[in-house]
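This report describes selected local and sheet-level features of one protein structure. Please consult the sequence and coordinates shown below alongside the text.

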Amino acid sequence: MRLLHTSDWHLGRSFHGVGMLDAQRSFVDQLVSAVTGNAVDVVLIAGDVYDRALPGVDVVGLLDDALVRLTAAGATVVLTSGNHDSAIRLGFASRLLERGGVHLRTRLADLDQPVVLPLETGDGGTPGAVLAIYGIPWLEPRLVAEQLGAETASHFEVTRAATGRIRADLAERSAAGTVHSVVLAHTFASGGISSDSERDLSIGGVGAVPLDLFDGFSYTALGHLHGRQTLSPQVRYSGSPLAYSFSEAKHTKGGWLIDVGPDGVTGVSELSWEAPRKLAVLRGDISELLESAEHSWAEGAYCQITLTDKQRPAQAMERLRARFPDTLVLGFDPQGGAVKASKSYSSRLAEAHDDLSLCCGFLDHVRGRDADDAERSAIAAALDNVRLTEASL
C-alpha cells in the first residue's frame, strides 16, 4: 500500500495581498496527477486544510472538487483539522463522507477510531496484517485538557493524553493480529524548523512537544510547519504545498510517499510540487538591482527587495517595478545608516536652527533621506508664502 503525506494546504490564503486560489487549483491538479501516476492508495492531509475558520464559497468549492477528484482516482483520503480550521465545520457530514472514501478526524471522540485498511489476507482466509490510520486534530490545551483527562492544560500533556488513547487502542487491536500504525498530528514537534507563515506558534502557552510522544508508531505524518523536513525516519513534516511567506523562498515544496507492507513501512521517498511562481529575496542598492544581469531571473518572480542605499531613493517602488513588476515587499536598510537612524526626532528638533531646517529634518526622519535641492527650494518658497500671508493679516 502506498500513502501520500501532505499538510497545510491553507486553501483561501493570499500571498502579501495576491490571491492564490489559481495557484492552489494548480496544486490540486498536480496532486491528482501524482496519485494516478504513483499508484497512491491513501492521501493524508495533516491539518490546516483551510486558511480560515470561515472559508469563502469558492474555497469550499475547491476542497470539494479536490476530494471528488482524489476519490475518483481511486484514493482513500484521511484528513485532520489544524489550528486554522474550524474543526466543527470541517468535520460536518463526516459519517456520510466516509462512505465515499473521505475520512475526517476532527473530533476528540475519534482519536482512537482509526481508518483500518487490510495489507494482506492470510492463508486459509485468516486475517492478515492491517494498517490503522489515526488522526490527532489541533489540540488547544485550555479547551481539551479536561476532556482528555490531562494533568495540566499544556500542549505536552494533551498530546500525551491523545497518543495514550491511540496506544491503548493499538494494543487491543494488536492482540488479534499484526497492526501497523500511521498517526496524523497537527502540532509543533521539537526539532522542527519554522518559517514566518506559521502564525503565532506559541499563543496561549502552546509550545513544542517532544518526539518521543510518537515512539512506537510506524509513521507519524506531521502538519503545522511549512518546510518539508525529517525529524526522525518515522516522524516527518510534509510542509505546505505552496510558499506562503518569503522565508520559504528556498524551500522545495512537496510531500512524502510512504510504502507499507505486511512487515511495516518499507520505504519513504520525496515527491515534489512545481511552484507556479518563483520567489526572489533581493538586497542591494537600487542602481545595482536595476542594472545587473545577475537578477534577470527574478523579473518574473514575486519579489521582496531590501534597499541598502545610504539615502532612501526617490520613487523607489515605481522604479523597481519597472524591472520587477511583482515586487510585493520593499524594505530599507541603509549601509552605514545605524548612527543616523538612532537619532531621535526630538534631537532633530533641537538641532533645527530655522524653519527650513526643521521641515527638511522632518522629511529626513520619515522617509530616510535628505531633501534634495529642488525639494529644499520648494519648501523655502512655501515658507515664504506663509510668511507673506501672515504679514498681510
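## Two residues with positive phi

Gln315 is located in the loop between strand E16 (302-307) and helix H8 (316-323); helices (H or I, at least four residues) and strands (E, at least two) are DSSP runs, numbered from the N terminus. Although Gln315 is not a glycine, its phi is positive, at about 50 degrees. With a relative accessible area of 59%, Gln315 is exposed, where exposed denotes over 50% relative accessible area, buried under 20%, and partly exposed in between (1.4 Å probe, protein chains only).

His16 likewise has a positive phi, near 50 degrees, and is a residue other than glycine. His16 belongs to the loop between E2 and strand E3 (18-19), and at 44% relative accessibility it counts as partly exposed.

## Basis of the model

The model is predicted: local features need pLDDT of at least 70 and side-chain atom pairs count only at pLDDT 80 or more, whereas totals for chains, interfaces and linings use all residues. Residues are numbered from 1 along each chain as its sequence is written, and side-chain values use heavy atoms, with hydrogens and water left out.

## Salt bridges

The whole structure contains 17 salt bridges, a salt bridge being a side-chain nitrogen of Lys or Arg within 4 Å of a carboxyl oxygen of Asp or Glu. One of them joins Asp51 to Arg13, with the closest N and O atoms 3.6 Å apart. Asp51 lies in the loop between strand E4 (42-46) and helix H2 (57-72), and Arg13 in the loop between strand E1 (2-6) and strand E2 (14-15), so this pair ties together parts that are 38 residues apart in sequence. Asp51 is buried at 4% relative accessibility, and Arg13 is buried at 7%. A network of salt bridges links Arg13, Asp51 and Arg52.

Within helix H6 (residues 155-174), Arg173 and Asp169 are four residues apart, about one turn of the helix. Their side chains form a salt bridge with an N to O distance of 2.6 Å. Arg173 is partly exposed at 31% relative accessibility, while Asp169 is buried at 12%. In a further salt bridge, the closest N and O atoms of Asp110 and Arg107 are 3.1 Å apart. Asp110 is buried, with 12% relative accessibility, and Arg107 is partly exposed, with 46%.

Six strands form an open sheet of mixed pairing, in the order E7-E8-E9-E10-E12-E11; two strands pair if DSSP finds at least two bridges between them. Strand E7 (115-118) and strand E11 (229-232) stand at the edges with a single partner strand each, so one side of each has no neighbour in the sheet. From one strand to the next, the twist averages 20 degrees. Strand E10 (residues 219-223) and strand E12 (residues 235-237) pair in the parallel sense over three bridges, and Ala221 has Arg236 as its bridge partner in E12.

Helix H6 lies across E7, strand E8 (130-136) and strand E9 (179-186), running at about 165 degrees to E8. Here, axes are lines fitted to C-alpha atoms, for helices over the stretch in contact (heavy atoms within 4.5 Å), and angles run from 0 to 180 degrees between N-to-C directions.

## Pro141 and His155

Pro141 lies in helix H5 (residues 141-148) and is buried, with a relative accessible area of 3%. The C-alpha atoms of Pro141 and His155 are 5.6 Å apart, although 14 residues separate the two along the chain.
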